[in-house]
Amino acid sequence: MGELERISEHAATLGEGPCWHTQAQLFYWVDIESNIVHVHDPGTGSNRAIDVGQRVGTVAPRASGGLIVALENGIGALDLESGELEIFHDPEPDKPNNRFNDGKCDPAGRFWAGTMPKSARVPSGALYCMERDLSVRKVLDGVGVSNGLAWSADHETMYYIDTPTRHVRAFDYDIETGEIANPRKVIEFGEGRGYPDGMTIDTEGMLWVAEWLGWRVGRWDPASGELLEEIRLPAAKVTAPAFGGPDLDDLYITTASIDLSEEEKAEQPDAGGLFRVKTGHRGLGAYEFAG
Ligand code: CA
């Protein structure tokens, strides 16, 4: 394991959505509560912050240019040149207390993202899939906090995290139709651990899961449910990992500083930072939205 480095001065309130865009060699991440999409170019070290004017849960690169964004009020596209936003669809106009949270594209170029309540702790969220023709269908209902998604390299399994359930679920995946079936628990986060949040997968099929209030990202074997390795972070609220970099061997990790007490802030001066570490493993870049 290499040394963990903090790579952005920006301290996010709620850093999330790390995403490596292989075709552009750019890294994107968001600060949900600050309405910001960050574009980081590790080649030049430059950072660009784009204010999208509402909460933004996640982003995904779009093959035709720009980004797909999951927002407080629906799913849309962000033009990276002009900063202009185009909303495609709001699947929850009747749920003003919900917002979009984590999401990403599947290997066939569909965009998957889910919602969560902004305050009340009721499972009023859902998981949605936007097809390449921009139609949106609801896939799961009764979701508490829709979070990490990953697909196995053979495209036959989808992994999903609904954070309050404290486990990672696997589904059989049909890459042709985007249908999921046969849900089962594959990793359990019991007492004494954090809450599973964002997730990514490496080339060996192992899952990397960020732990909210757990101070770490763990590498897990979904076949055995065993913890294989862990990366400790200097922040309790670890939100999401993503592999990136020219060789896809850098693990980027987002964190949050939201709702920390003054004492906790003093203990965690790097909370909200974006981190990077070489783990000795390689991942996959983000899939692009093909619509
Ligand atoms: Ca999250």
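Modeller: Let's start with Arg-216 and Glu-230, whose side chains meet in a salt bridge with 2.5 Å from N to O. Bear in mind that this is a predicted model. Arg-216 lies in strand E20 (residues 216–221) and Glu-230 in strand E21 (residues 226–232), so the pair ties together parts that are 14 residues apart in sequence.

Elsewhere, salt bridges with shared partners join up into one network made of Asp-106, Arg-110, Glu-131, Arg-137 and Glu-179.

While we're on that stretch of chain, have a look at strand E12 (residues 125–130) and strand E13 (residues 136–143), which pair in the antiparallel sense over 6 bridges. Gly-125 has Val-143 in E13 as its bridge partner. The two strands make a hairpin with 5 residues between them, and Leu-134 in the turn has a positive phi of about 75°.

Back to the charged pairs. Arg-184 and Asp-172 also meet through their side chains in a salt bridge, at 2.8 Å from N to O. This pair links distant parts of the chain, with Arg-184 in strand E17 (residues 179–188) and Asp-172 in strand E16 (residues 167–174), 12 residues apart. Here Arg-184 is partly exposed at 29% relative accessible area, and Asp-172 is partly exposed too, at 31%.

Then there's Arg-55, which forms a salt bridge with Glu-72; their closest N and O atoms are 3.0 Å apart. Arg-55 is in the loop between strand E5 (46–51) and E6, and Glu-72 is in the loop between E7 and strand E8 (74–78), so this bridge ties together parts 17 residues apart in sequence. Arg-55 counts as partly exposed at 24% relative accessibility, whereas Glu-72, at 14%, counts as buried. If you're keeping a tally, the structure holds 21 salt bridges.

The largest nonpolar core has 19 residues, and Tyr-28, Val-37, Val-56, Val-59 and Leu-78 have the most contacts inside it. Strands E3 (26–31), E4 (36–41), E6 (56–61) and E7 (67–71) are the elements that give two or more residues to this core. Beyond its neighbours within four places in sequence, Leu-78 touches residues including Val-37, Ile-50, Val-52, Leu-67 and Val-69. A second, separate core has 13 residues, among them Phe-189, Ile-201, Leu-207 and Val-209.

Note on methods. Residues numbered from 1 in each chain as written. Predicted model: local features only at pLDDT ≥ 70, side-chain atom pairs only at ≥ 80, totals over all residues. Heavy atoms only, no water. Core = buried A, V, L, I, M, F, W, Y, C linked by side-chain atoms within 4.5 Å. Buried < 20%, exposed > 50% of the residue type's maximum accessible area, 1.4 Å probe, protein only. Helix = DSSP H or I, 4+ residues; strand = E, 2+ residues; numbered from the N terminus. Contact = heavy atoms within 4.5 Å. Pairing = 2+ DSSP bridges. Salt bridge = Lys/Arg side-chain N within 4 Å of Asp/Glu carboxyl O.
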